[in-house]
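Please read it alongside the sequence and the coordinates.

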Amino acid sequence: MQNDLTAGIVVTDWLGKFWDLMTEQKLTQQQVADKVGITRGYLNQLLGGKRPLNDNMRRQLMCAYRELSGDEALTMWIDYVRIRFPTHDAIPIMTELLQIKPIFFAPDNWGFYGYTGKFEHGAMQIFTSPEDDDRGTLLELKGEGCREFECLLLAQHRSWYDFFEKANELGGHYNRIDLAINDYVDMLPVQYFIDKCDRDEFTSIFRRIHKDANKEHGVIGRTLYIGSRKSQFYMCLYQKDAEQFFKYGTPLDQTPIKNRFELRLADERATKAIEALLTERDPVKVIFGIINRYVRFLKPNGKARASWPLDDLWANFIGKYGEKLRLTTQPEPFSIKRTYNWIEKQVAPTLKMLLAYDSATAQDILMTMIANAKITQKEMSVLQAMLASTEEMIIPSEESKKSDYADQSK
């Protein structure tokens, strides 16, 4: 949904957009009212501006709309994976774990984190070290890399559970895992929870609560850190739409995810989280079990603090809507969007200047340079990956082969 219907905008504008959304999806007032748990008459008064419409009711209406239209108010993703393997051979990581043909990985002779080389496929990176370095090989999938890998998982008829089981078989050590909960309806307004921390309306095992803000071109992006960022585990609540604006200049109303709540786990904590996910096969139980153990936001009621109930928004997050969560995917195919973005922002102005210079001086220096440039092995691998289909890149799993055989035998 591209319309920004988060809380905080002018009521009349919000009502007009919400009516348009209902019309597009052919939703009746009765359907929406039943989903929210109010009468049709009360909803009619709200939408007609005859009753005050507060932020909480807007969130409930948006949750109802998304559910009725087939979307979810919250989704849960794997959003960062960093696993170290006790091998100096990157091929098994490519072929057995990722199940991608090695030809589609672009090699490079430098890396991060002290590693001396790497292989790249889109946003997926495998870092390598020399034989005398006991760090072995490191796989890193950042957010974009996870989304690209999910396209391949889908084609391979595999799941994240299959991936983690194979990582365990290969002796992987989990350096970092990020589990993200995406909020599409402003159910977790960041400033609201920052204010609750300032008023000490929460309880937490963590001793450290830190807030941060970034401001550019009139847009403020707020972040709440729960726990120390230097520890093996902390949580982070931030405005995802503002982050995308700062990174890529994406307008706020074009980022469907409004806020994101992340569990960032490292080393032993990451390993235990993966073990729990593989054992329970119930991400809601695992993730919300962790959240509930470490932090709760409360609602003062004039009585002793020990009797304060859960804050209404927080209760909805971990209860009414959180219970419906499942581990989902958001596959995005490998593309060179990042390269084009870099060209547009960093290189295109200079190229345009050089073209203008060549034109003014009746020369053809720039185009001659491009024509004479040689494509490296790395760039050739990237080009092959850009032009290949998903089916050409992957090494089919046994289940995928059986499925293909069954289709052919029909």
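**Notes on the predicted model**

1. The protein has 17 helices and 12 strands, where helices (H or I, at least four residues) and strands (E, at least two) are DSSP runs numbered from the N terminus. This is a predicted model, in which local features need pLDDT of at least 70 and side-chain atom pairs count only at pLDDT 80 or more, while totals for chains, interfaces and linings use all residues. Residues are numbered from 1 along each chain as its sequence is written, and side-chain values use heavy atoms, with hydrogens and water left out.

2. Taken along the principal axes, the box filled by the C-alpha atoms is roughly 70 × 60 × 55 Å. Of the contacts (heavy atoms within 4.5 Å) between residues at least 6 apart in sequence, 68% join residues at least 24 apart.

3. Of the 410 residues in the protein, 45% are buried, meaning under 20% relative accessible area with a 1.4 Å probe, protein chains only.

4. D186 sits in the loop that runs between β6 (173–183) and α8 (190–198). D186 counts as buried because its relative accessibility is 12%. From D186 to T279 the separation is 93 residues in sequence and 32 Å in space, C-alpha to C-alpha.

5. UniProt, in an unreviewed entry, places the feature "domain: HTH cro/C1-type" at residues 21–51; such annotations may be inferred rather than shown by experiment. In the model, the span 21–51 is 65% helix and 0% strand, and its end C-alpha atoms lie 20 Å apart.

Key. Buried means under 20% relative accessible area, exposed over 50%, partly exposed in between (1.4 Å probe, protein chains only).
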